[in-house]
Amino acid sequence: MAKIYDSITELVGNTPLVHLQRYEKSEGLSANILGKFEYFNPSGSVKDRAALNIIEEAEKRGDIKPGMTLVDYTSGNTGIGEATFANAKGYKFVAVIQPQVSVERSQILKALGAEVLQVTDVPGFPELLKNGLTMTGLEKVFTDFAKANGWYYLNQCADINNTLAHVKTTGPEIWEATGGKVDYVVQLVGTGGTLSGLAKYFRERNPDVKIIGAQPAEISKKDPNFPERNTIDGVLNFDGVPEANYPPLFTSFDTKYDECFDVVAEDAYETGRRLVKEEGFFLGQSAGAALWTATQIAKRPEAKGKNIIVILADNAFKYLSTNMYK
């Protein structure tokens, strides 16, 4: 008998791990690619895990009181999760969205009742951009902005409960589903919460598990000078960046990864298009990039017969206005 749930928060986690056999066959791969389909979470992405854990741990500490307004800086998915759970718990939510995110993300946030602001609405942000965006500077600007308005800043980029959500849920789900047979784990990075959490979880159980990251290639980075450029939405570069832009969560957890791939947006888009045609799964941009990366690993002779876990962050419904599915 199917379980009856009492609230939307109980639906977070236990997303399916699917063996992409038809895709493997079409690519001629001898490794096993297992996709963790995170769009089965309530608001449609892996970020639901972090959003819920950050809010609930703040409630436990007494930092969030009934009727408060929560605010965060977001590329969309975490903000959508935060807005969803804010609604479920009776809070208001303000999303300050990053430039150049897909229009659907803003539409979803507004549909959820969130107040949507641009970065130019935040005092000090234009000056921060002019002087050089840093993670420390970002945190100060938003802490001051929240304090001035009497809001609570969720701070997904630095709150350790972002990472710990994956130590508590994502990692154990994968471990249980595979019987501990995990050889590679592949994901992209926004805040770094997923990668740092999975690195911590798996390295404590098997130091031989390879943690593989991916990031946009130079020609696929967001650039206001090239607004028509194809990019990979919702993710940031972390490998080879200045120390000031290194993910704070990597520093907090001393995160180590084995390898990082630079992904061209067109390769990510084509991988997503192929998967929907061959398997019926409708992936978003970062999921396409993650699957492309997993495919490169799977082509290596040493990966034969190994299990490659790939985190598929969301589906493609937030990207219909982009070039991915045009």
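Visitor: Which side chains meet in a salt bridge at 2.6 Å, N to O?

Guide: A salt bridge is a side-chain nitrogen of Lys or Arg within 4 Å of a carboxyl oxygen of Asp or Glu. Here the side chains of Arg 49 and Glu 38 form such a pair, at 2.6 Å from N to O. Please note that this is a predicted model, in which local features need pLDDT of at least 70, side-chain atom pairs count only at pLDDT 80 or more, and totals for chains, interfaces and linings use all residues. Residues are numbered from 1 along each chain as its sequence is written, and side-chain values use heavy atoms, with hydrogens and water left out.

Visitor: How is the chain divided into domains?

Guide: Domain bounds come from an automatic or database domain assignment. For this chain, the assignment gives domain 1 as 8-41 + 169-312 and domain 2 as 46-153. The C-alpha centres of domain 1 and domain 2 are 25 Å apart. Their contact, meaning heavy atoms within 4.5 Å, takes 26 residues from domain 1 and 19 residues from domain 2.

Visitor: What area do domain 1 and domain 2 bury between them?

Guide: Buried area is the accessible area (1.4 Å probe) that two parts lose on being put together, summed over both. Domain 1 and domain 2 bury about 1,600 Å² between them, with 54% of it on carbon and sulfur atoms. Of the area that domain 1 buries against domain 2, 28% is supplied by Thr 9, Val 12 and Asp 233, more than by any other three residues.

Visitor: How many salt bridges and polar contacts cross the interface of domain 1 and domain 2?

Guide: A polar contact is a pair of N or O atoms within 3.5 Å; within protein, one must be able to donate a hydrogen and the other to accept it, and residues adjacent in sequence count only if both atoms are side-chain atoms. Across the interface of domain 1 and domain 2, the rule finds three salt bridges. For polar contact, it finds seven residue pairs across that interface, both residues at pLDDT 80 or more. On the side of domain 1 that touches domain 2, helix H7 (residues 160-178) gives the most, with three residues. Helices (H or I, at least four residues) and strands (E, at least two) are DSSP runs, numbered from the N terminus.

Visitor: Are Arg 105 and Asp 233 buried or exposed?

Guide: Buried means under 20% relative accessible area, exposed over 50%, and partly exposed in between (1.4 Å probe, protein chains only). Both Arg 105 and Asp 233 are buried.

Visitor: Which residue forms a salt bridge with Asp 144?

Guide: The partner of Asp 144 is Lys 140, with the closest N and O atoms 2.8 Å apart. Both residues lie in helix H6 (residues 135-149), four residues apart, about one turn of the helix. Asp 144 is partly exposed at 38% relative accessible area, whereas Lys 140 is exposed at 54%. Elsewhere, salt bridges that share partners join Arg 105, Lys 222, Asp 233, Asp 314 and Lys 318 into one network.

Visitor: Which residues does Thr 163 touch?

Guide: Thr 163 is found in helix H7 and, at 0% relative accessibility, counts as buried. Not counting residues up to four places away in sequence, Thr 163 touches Gly 193, Ser 196, Gly 197, Leu 249 and Phe 253. With Ser 196 there is a polar contact between the two side chains, at 2.6 Å.

Visitor: Where is Ala 303 placed?

Guide: Ala 303 is in the loop between helix H11 (285-298) and strand S10 (307-312). Ala 303 counts as buried, with 0% relative accessibility. Ala 303 and Asp 183 are 120 residues apart in sequence and 8.6 Å apart in space, C-alpha to C-alpha.
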